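Subject: Structure handover

Hello,

Here is the structure I promised to pass on. Please open it first, then read my notes below.

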Amino acid sequence: MSRPHGMYRRLITLLFLSLAAPAFAAKPFTEGMVTITLDDGWATQYSLARPELNARNLPATYGLVTLAIHESWAGYINLTQAQTLVTEGNDIASHTLTHPDLTSLSPAQLLAELQDSRTWLENALGLPAVPNLIVPYGLQNGPVLDAIRQHYASSRTVNAGRNFRDTVVYELRANDVARTVPVSTVQGWVDQAIAEKSWLILVFHEFTNGTPTRDTEYLTSQFADILDYVQTQGVRTVTLAEGLALTEGRTEPDLTAGLFVYNDALQNGFADWSWADHSLDETGVVHTGSASIRFEPDTWNGLLFHHHGLDLADHQSLRVWVHGGTVGGQAVRLVLHDGAQLLGTIRLDTALGGPIAPGVWQQVSIPLASIGATTGTLRDIYFQDDSGTDQPVMYLDDLVLLPH
Ligand SMILES: [Zn+2]
């Protein structure tokens, strides 16, 4: 399809400015919630984290790698300990048989990882059902997700962010509390969950009372500080299963409201593959909500938001808000790509009909037909430096694909 004449394109853009849909709002819960998930079944979760949880009467969700227990791998909890976790009222999720990258497996291997782990947990721990999966490394593509949907009612990723009542339950977001994450940062996340009535899922791995040596190790005393903060703030604590029961149980995104790529965090299965200097949690210059994207478009660097695949035919236009920072005038190109070939591209200033302005938010609305991107599978959305030089910082927010 040929590109529309420039003037015509500007007209289309202006038309969509005036017909812009109302701002999206994720549906809040009746109150903020926090879930503690402990991934992999490390022995130190039992010996160090469990006493802190039990002392505060806080149940957690343990995501267990079942072959580690079945074969008594060193460093992991044993069967008796796993049974004790159940007796003490904790929630158990499957974290597969062997913790592989699920996207790298044959169909038979994938089936075994999903199905055999669940069956083992049900039999060995006497559980009536194990409906929830914690995805190893948070890696799930289209075929993996199709298989997960057949065997589980939900899956939790490691994409950062919070969850809402209308969050898709196969894309649960969770914040990883690695060694380098200070207690104050986690406290900020808890405050945010309370303020916006969202559901914060925290992920922990190993624990130590000494000096952490691995990124996945966390100081037990800092873990205790986080639990104390959760309790003193009075935020509701739920297991993964309890939190899920309070959602709408949405298994597909609601396309009538638009499919958000970013608002306050990446949404709807988009992952951050950016290689430019950037932040997805900029709080100084924000269009709506609590955070925006800060982007320094230098020397062909770019933002890249990756999805396992969206049918472009479901969407009519792409909308994003841009802010030129203190200087403005940035040369930045939007590129839609299917991973193998270009679907469509346009410069943001062209789409705007003028330079990106400093000090103000401007809405850029791009009908997909205007860039020839009406069919195909959208996997990559780029915002890339189009100057090859050093450009000043700019901001983006509320990036959404709108339906027909
Ligand atoms: Zn894991």
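Start with two helices. Leu110, Leu111, Leu114, Gln115 and Arg118 in H5 meet Pro143, Val144, Ala147, Ile148 and His151 in H6. Meeting, touching or contact here means heavy atoms within 4.5 Å. By class, this contact of H5 with H6 has seven nonpolar, two polar and one charged residues. Ala, Val, Leu, Ile, Met, Phe, Trp, Tyr, Cys and Pro count as nonpolar; Asp, Glu, Lys and Arg count as charged; the others, Gly among them, count as polar.

Before you go on, note that this is a predicted model: local features need pLDDT of at least 70, side-chain atom pairs count only at pLDDT 80 or more, and totals for chains, interfaces and linings use all residues. Residues are numbered from 1 along each chain as its sequence is written, and side-chain values use heavy atoms, with hydrogens and water left out. Helices (H or I, at least four residues) and strands (E, at least two) are DSSP runs, numbered from the N terminus.

**How the helices pack**

Two packed helices are described by the angle between their axes and the distance between the axes. Axes are lines fitted to C-alpha atoms, for helices over the stretch in contact, and angles run from 0 to 180 degrees between N-to-C directions. The axes of H5 and H6 (residues 142–151) come within 10 Å and cross at roughly 25 degrees. H5 and H6 are therefore roughly parallel to each other. The cut-offs are under 35 degrees for roughly parallel, over 145 for roughly antiparallel, 65 to 115 for roughly perpendicular, and oblique for the rest.

H4 also packs against H5, at an angle of about 80 degrees, with the axes 10 Å apart. H4 and H5 are therefore roughly perpendicular. Leu79, Ala82, Gln83 and Val86 in H4 meet Trp120, Ala124 and Leu125 in H5. The residues of this contact divide into six nonpolar, one polar and no charged.

**What is buried**

Which residues of H6 are buried? They are Gly142, Val144, Leu145, Ala147, Ile148 and His151. Buried means under 20% relative accessible area, exposed over 50%, and partly exposed in between (1.4 Å probe, protein chains only). The buried residues of H6 pack against H5, strand S4 (132–134), strand S5 (154–156) and strand S15 (302–311).

Now the largest nonpolar core. A nonpolar core is a set of buried Ala, Val, Leu, Ile, Met, Phe, Trp, Tyr and Cys residues joined through side-chain atoms within 4.5 Å. Of its 39 residues, Leu202 and Phe204 touch the most other members. Elements that give two or more residues to this core include strand S1 (33–40), helix H4 (79–87), helix H5 (107–125) and strand S7 (199–204). Apart from it lies another core, of 38 residues, among them Leu318, Val332, Ile346 and Leu396.

- Tyr76 sits in the loop between helix H3 (66–70) and H4. Tyr76 touches Asp40, Gly41, Trp42, Ala43 and Ala68, not counting residues up to four places away in sequence.
- Trp300 lies in the loop between strand S14 (292–296) and S15. Its phi is near 65 degrees, a positive value in a residue other than glycine. At 47% relative accessibility, Trp300 counts as partly exposed.
- Asp398 is in strand S21 (residues 394–403). Asp398 has a positive phi of about 50 degrees although it is not a glycine. Asp398 is buried, with a relative accessible area of 5%.

Best wishes
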